[in-house]
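This report looks at how parts of a predicted model are arranged. Please keep the sequence and the structure in view while reading.

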Amino acid sequence: MDDDKIPMKKHMTINRRSFLAAGLAAAVGAAAKPAQALAGGVADAGKSEAVVLATLLDLSKCIGCGACVEACREASAQRFPEPVKPFPKMYPSRVKAADWSDKRDVDDRLTPYNWLYIQTASGEYDGRPFELNIPRRCLHCQNPPCANLCPWGAASKDGRGIVAINDEICLGGSKCKDVCPWHIPERQTGVGLYLKLAPSFAGNGVMYKCDRCQDRVAAGGTPACIKACPEGVQTIGPRDEIRAKARKLADEIGGLIYGDTENGGTNTFYVSPVPFDVLNKTVETGPGRPHLASVANPFSTEDILARAVYAAPLAGLAAGALHLIRGAASEDDHE
Amino acid sequence: MNERTMNLIFRLTVFALLFTGFAQMPIFARYYLADVPGFAWTADYYLNHVLHYGLAAVLLVFLGWRLPLAVKRRWTPGGLLLAMCWAGVVLTGLVRVMKNQPDVFFSPTFVMAVDWAHLGFVMLLGAVSLGRRLATGNRVTAAP
C-alpha cells in the first residue's frame with residue numbers, strides 16, 4: 001500500500017442528535033436546499049459519508065528531532081502571510097499589531113509561521129526521571145469553539161475531522177484564539193480581507209494554525225508532519241480505529257490518553273507513559289505554548305438549549321393554533 | 001397575557017437577541033463597553049452564546065404562536081418583505097444551531113454563506129422595520 005495514503009473506511013452514523021438535526025433539515029429544507037446546492041452539495045447533515053480522521057501520537061517514541069516541524073513549514077510555506085507594511089493605524093490605540101514577519105524562524109512556540117512545535121516535559125515520576133517530547137499543534141476538536149463561535153464563518157470543521165481557518169475571509173479578530181482552551185491560532189497583522197474593509201476600526205489581520213494539511217488529506221494524502229517523522233510517532237486513520245489503538249497502546253504501556261474527551265472530544269490522541277497532569281506541571285506554557293490540563297466540554301449547555309431551539313417553533317405553533325381554535329369556538333358561542 | 005404585554009416581551013427579546021448577537025463579534029472589548037463596571041460580561045463569548053440560544057428559543061415560541069394569525073391576515077408588500085426577513089433570520093439561525101452540533105458537517109462555503117446571510121437578514125430586517133415606521137409615521141410592530 002502507498003504509505004502516503006490514509007487507510008479509510010466509509011461509515012454513516014445516525015444517532016439521536018443527528019436524527020434531530022436531520023429532522024430539522026427536513027423542516028427547513030425548502031430554504032436550506034438552495035444553499036446546499038450553492039455549497040456544492042457537500043452540506044450533509046445527519047448522514048456524513050466523509051470519514052472523520054484522527055491522529056494518534058505515541059509520546060514514548062518522539063525524540064524531538066524536529067523533522068515534523070520542518071516538514072510542516074515546508075508544506076505550509078506557500079500559505080504563510082506576506083503582510084503589507086506599514087500597518088494601518090488602528091483605533092482605539094490599545095489595539096496592537098501582531099507581527100511575526102521578522103521572526104519567521106521562531107520554532108519554539110506557535111506563530112503564524114510555525115503551526116507545530118515540540119514541547120518538552122522533563123521531571124520525575126514514580127521515583128524515575130523522564131523526558132518526553134510533545135509535538136503541539138491544533139487538536140482539531142470534534143465540536144470546535146473556534147469554528148462554532150466564529151461570527152464571520154471563517155473557521156469551520158469538515159467531514160474529515162479537520163478544523164481550518166479560511167485565510168481569505170478571516171478578519172483577525174482573534175476570537176477563535178480567545179475561545180480555544182489552548183489558545184492555538186496566532187495572528188499576523190497587515191494581511192487579509194480587513195485591509196479592504198475598515199482596517200483602522202475592525203479586524204486586525206488573519207489567524208493562522210494547523211489545518212492538518214487539508215488539501216493533501218482531501219486528495220487522499222498524509223499530513224506532512226506524519227509523513228516526515230522518522231520514528232513513526234504519529235498515526236492517522238478513522239477516529240474509531242485510532243481511538244481503539246490509543247486505548248490499546250495506553251493499556252500496554254500503562255499510560256494515559258489526552259485529547260479523547262478534552263473540550264468535548266478532539267481528533268488528536270496523545271498517549272503518554274507519564275500522567276498528563278504531571279506533564280502539565282513541567283512544560284513551559286504561555287503565549288503560543290499550550291497547556292496539557294484537562295478541559296471540560298464548553299458546549300454542554302448549548303447542546304441542551306439546541307433541543308429547546310428546535311422544539312420552540314413547534315410549541316409556539318401549537319399554542320397559536322389552539323388560541324385561534326378557542327377564539328373561533330368563542331365566536332360561535334356568541335352567535 | 002394581553003397584547004401589550006406580549007409586544008413588550010417580544011421587543012425586549014429582539015433587543016436582547018441583537019445585543020447578544022453583536023456580542024459574538026470581538027467589538028465590545030475593543031470599544032471599551034466591557035470596561036464599564038458591570039459590563040464585563042459583554043465580552044464573555046460563551047455566556048453571550050448561551051444567552052443567544054435561550055433568547056432564540058423564546059423568540060421562536062413567539063413567532064410560532066404568531067404564525068397561524070399571520071397566515072390569516074391580508075399582507076401588504078411591506079409586511080411581506082418583513083416576514084421574509086424574519087424567515088431568513090430564523091432559518092439561517094436554525095442552520096447555525098445545527099452547524100454547532102458535533103456530528104453535523106457543512107462545507108466551509110456553506111458555513112460562510114449562512115453566517116453572512118444571518119447577519120445580512122438581521123441588517124435588512126432592521127432597515128425594513130425602520131423604513132416601514134418612517135413611511136407610515138405610525139407605530140408599527142416589528143413582528144410579522
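## A helix pair in chain B

In this predicted model, helix α1 of chain B (residues 3-22) and helix α2 of chain B (residues 45-72) have axes that come within 9 Å and cross at roughly 150°. Because angles over 145 degrees count as roughly antiparallel, α1(B) is roughly antiparallel to α2(B), and α1(B) passes α2(B) in a left-handed crossing.

From α1(B), the residues F10(B), T13(B), V14(B), A16(B), L17(B), T20(B) and G21(B) take part in the contact, and they meet N48(B), L51(B), H52(B), L55(B), A56(B), V58(B), L59(B) and F62(B) of α2(B). Sorted by class, the contact of α1(B) with α2(B) has 10 nonpolar and 5 polar residues, with no charged residues.

## The sheet in chain A

In chain A, 4 strands form an open sheet with mixed pairing, in the order β8-β1-β10-β9. The edges are taken by β8 (234-238) and β9 (256-258) of chain A, each of which has a single partner strand, so one side of each is left without a neighbour in the sheet. From one strand to the next, the twist averages 25°.

Strand β1 (residues 53-58) of chain A and strand β10 (residues 268-272) of chain A run parallel and are joined by 4 bridges; in β10(A), V271(A) is the bridge partner of D58(A).

## A helix across the sheet

Helix α8 of chain A (residues 239-253) lies across β1, β8, β9 and β10 of chain A, and α8 runs at about 20° to β1(A).

Definitions and conventions:
Residues are numbered from 1 along each chain as its sequence is written. Chains are lettered from A and ligands numbered from 1 in the order in which they are written. This is a predicted model: local features need pLDDT of at least 70, side-chain atom pairs count only at pLDDT 80 or more; totals for chains, interfaces and linings use all residues. Two strands pair if DSSP finds at least two bridges between them. Helices (H or I, at least four residues) and strands (E, at least two) are DSSP runs, numbered from the N terminus. Axes are lines fitted to C-alpha atoms, for helices over the stretch in contact, and angles run from 0 to 180 degrees between N-to-C directions. Two residues are in contact if their C-beta atoms, placed from the backbone, lie within 7 Å. Angles under 35 degrees count as roughly parallel, over 145 as roughly antiparallel, 65 to 115 as roughly perpendicular and the rest as oblique. A crossing is left-handed if the near helix is turned anticlockwise from the far one by less than a right angle, and right-handed if clockwise. Ala, Val, Leu, Ile, Met, Phe, Trp, Tyr, Cys and Pro count as nonpolar, Asp, Glu, Lys and Arg as charged, and the others, Gly among them, as polar.
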